[in-house]
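Here are my notes on how the two chains meet. Have a look at the structure first, then read along.

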Amino acid sequence: MQQVDKWRGVAAATGAADRPAAEAGIRLAYRTAGLAEPERIVWADSPLAGLTAVRSLTEQGRSVRDEVRTKPWAEERRRIHDELGPAGWAEWWGVTGARLWDTTRALAERIRSGITDAPTTDPAELPETRQLLLDAVLGQHDAAWLAAFDGRGERLAGLAEVAAHAGWWWPYEKVTVVCERPVELHRDEAGRLDRGDGPALAYPDGFALYAWRGMPVPADFLAELTTLDPARIRTEENAELRRVMLEYYGYDRYLAESGAEPIGKDETGILWRIALADDEDVVMVEVVNSTPEPDGTSRTYWLRVPPNTRTAKEGVAWTFGLDAQTYEPLRQT
Amino acid sequence: MYRQGDVLIVPVAEESVPSGITEARSEPRDARGRLVLALGEVTGHAHAVTGPGRLVRETGGEFGPMLLHLPEGGRVVHEEHAMIPLPKGWFRVVRQREYLPGAVRVVAD
């Protein structure tokens, strides 16, 4: 589906918003909803700053999110649903929006919690903050729905235009607050926020989230990663942070420098064990990729397996939900 | 059984294929007409099968096991791995996982 690729790109887009295009989209969305265009459009550098801007508004009028987004959205969905039938709609959603749903929703949720957890957010205002966050139109992060609607009507063209050119926005009768997109977005293969040497998500005003393979980590923790040694890793008391340290440091390097011994070797690979104080042992299989890299070398990688694993083959079989007796690939690449 | 990177393809005897599978909805093919066994979210690289056949998700969840039926055989391709020819028949498609204390996560290659 071409529109999935297009909207996957929109959901992950970084860099300065196209403000004239986004503002034209906002005005179109208001007109399509039968409303007068907003008198003012206020830009903010991040969703956090957008929320502050929303709070500072005085003569903005009522929220028109329902008219601008929710109602036309629901009606378009019903229209396509009726046109395709329940099974047809499920299938259509499966090849369009569903492909983008999990990762985009997770990203939006992380931004929300990044805002509620921000040091500048007053705990006394949390209920109101949460409410205002739910009032936002998610712009580029509405990509899953917009992918499903793409090419099936003009009614959501304004919303699609804003999403393609800007970040989150809050529509009020007289004023619209609209945010810039991130300047940095780094995710791993599974779509989780992931970066070892800086923010995984950052906006132009400095609002940022740090994460390693999806796990939120403090910014100063990442700074420390570059100066790790095995002793520091062993003394880290937080098991999750220690796992991040091990992954960043490299199991291979840790194994070499901590003098770990292989506990077994067979045709599938090598089994290693690292004993950790006050925690279960780390047991890993070291396997070599069957297909050589373009430069002719073979990539070695490590997979963590349950601590009671006795052989490398048992470990590899476990990663596929099998026992060692039944794991017998005829061919692997 | 056949392995391509983080995907294992295990032959299944026809008589042990659950009876509901014939009525179950097939997974849609991708824009290139392929059956996608596993998709890399960011790179877009896919373990995919070309040719006739169908793919049915057996249980819920993004990485739940899937059943693959190839009435005429087929081939599994991936941008970074060598192609593997498959004989005709039924297969269970298993995505590799990794152990985490208290949890299990799917490996992405």
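The points below go through the interface step by step.

1. Keep in mind that this is a predicted model, where local features need pLDDT of at least 70, side-chain atom pairs count only at pLDDT 80 or more, and totals for chains, interfaces and linings use all residues. Residues are numbered from 1 along each chain as its sequence is written, chains are lettered from A in the order in which they are written, and side-chain values use heavy atoms, leaving out hydrogens and water.

2. Who takes part? Chain A brings 40 residues to the contact and chain B brings 36, with contact meaning heavy atoms within 4.5 Å.

3. Together the chains bury about 3400 Å², 53% of it on carbon and sulfur atoms. Buried area is the accessible area (1.4 Å probe) lost on putting two parts together, summed over both. Glu189(A), Phe320(A) and Thr333(A) supply 23% of what chain A buries against chain B, more than any other three residues.

4. How many salt bridges link chain A and chain B? The count is 0, where a salt bridge would need a side-chain nitrogen of Lys or Arg within 4 Å of a carboxyl oxygen of Asp or Glu.

5. Now for the pieces of chain A: β12(A) gives the largest share of the side that touches chain B, 5 residues. Strands here are DSSP runs (E, at least two residues), numbered from the N terminus.

6. Finally, β13(A) pairs with β1 (residues 2–4) of chain B in the parallel sense, over 2 bridges; pairing takes at least two DSSP bridges between the strands. Look for Arg331(A), which stands opposite Tyr2(B) in β1(B).

Technical notes:
Helix = DSSP H or I, 4+ residues; strand = E, 2+ residues; numbered from the N terminus.
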